[in-house]
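Here is a quick tour of one model, pocket first, then a helix, then some rings. Have the viewer open as you read.

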Amino acid sequence: MLKGLGRLTNANTIRFRQTKKDKKQIYTFKEVDTLKVHYDYGTTTYIEAAIENREEPKVLEVIMVSNSIAYYHRYNYFTAMGGTSTHYYLKRKSDNQVIHFGSNQLGTLNFKKVATTFFSDCEELVKAIEEEKYGRYQLKEIIEVYEEKCGR
């Protein structure tokens, strides 16, 4: 484990040096499995993950890890419409790839379809999603309900 000064670049590489006086080194997620960045407000953890139906893995920010599900997201800067977008991903601990749950942009994937398929082993939660009691911005709450009602 390396400790020092580092940051994630827009190119998904890690600029790192142990002290301010040291020369910067560049790392990729092929060489590093996890990046933890400590800010005044807390620690942010990044990983690279394979995404279902995508050839290239993406660097994702870890939002929450429960007993059986991990929740990630990724910011995209400078979208076609200008500004930023956030993409949401979930992964069961038993799976090798994350599932894209859509984004905060209009015209995104059908959240209800993706969520009801992903949580199909939890009938009570599927019903709540179908009745729109939960939406794509409530993934933390959905995972908590899943763990409480149907977690293994």
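## Ground rules

This is a predicted model, so to speak of local features we need pLDDT of at least 70, side-chain atom pairs count only at pLDDT 80 or more, and totals for chains, interfaces and linings use all residues. Residues are numbered from 1 along each chain as its sequence is written, and side-chain values use heavy atoms, with hydrogens and water left out.

Helices (H or I, at least four residues) and strands (E, at least two) are DSSP runs, numbered from the N terminus.

## The largest pocket

The largest pocket comes out at about 500 Å³. A pocket here is an open set of points on a 1 Å grid over the protein atoms alone, where a 1.4 Å probe fits, with protein on both sides within 12 Å along at least five of seven lines; lining residues have an atom within 4 Å of a point. The volume is the space filled by probe spheres set on the points, which are joined across faces, edges and corners.

There are 16 lining residues, and Leu2, Lys3, Phe16, Leu35 and Lys36 are the closest to the centre. Strands S1 (5–8), S2 (14–17) and S4 (34–39) each give two or more residues to the lining, and S4 gives the most, with five. By type, the lining has nine nonpolar, four polar and three charged residues (nonpolar: Ala, Val, Leu, Ile, Met, Phe, Trp, Tyr, Cys and Pro; charged: Asp, Glu, Lys and Arg; polar: the others, Gly among them).

## Helix H2, side by side

Leu125, Val126, Ala128 and Ile129 are buried in helix H2 (residues 123–130). They sit on the same side of H2 because they cover an arc of only 160° around the axis (taken from the directions from the helix axis to the C-beta atoms). The face turned away carries the exposed Glu123, Glu124 and Lys127. Buried means under 20% relative accessible area, exposed over 50%, partly exposed in between (1.4 Å probe, protein chains only).

The buried residues of H2 pack against helix H1 (111–118) and helix H3 (139–149), with contact meaning heavy atoms within 4.5 Å. Just after H2, Glu132 takes a positive phi of about 60°.

## A cluster of rings

Ring pairs link Phe101, Phe111, Phe118, Phe119 and Tyr146 into a cluster. Rings of Phe, Tyr and Trp (its six-membered ring) pair if their centres lie within 6.5 Å; planes under 30 degrees apart count as stacked, over 60 as edge-to-face and the rest as tilted.
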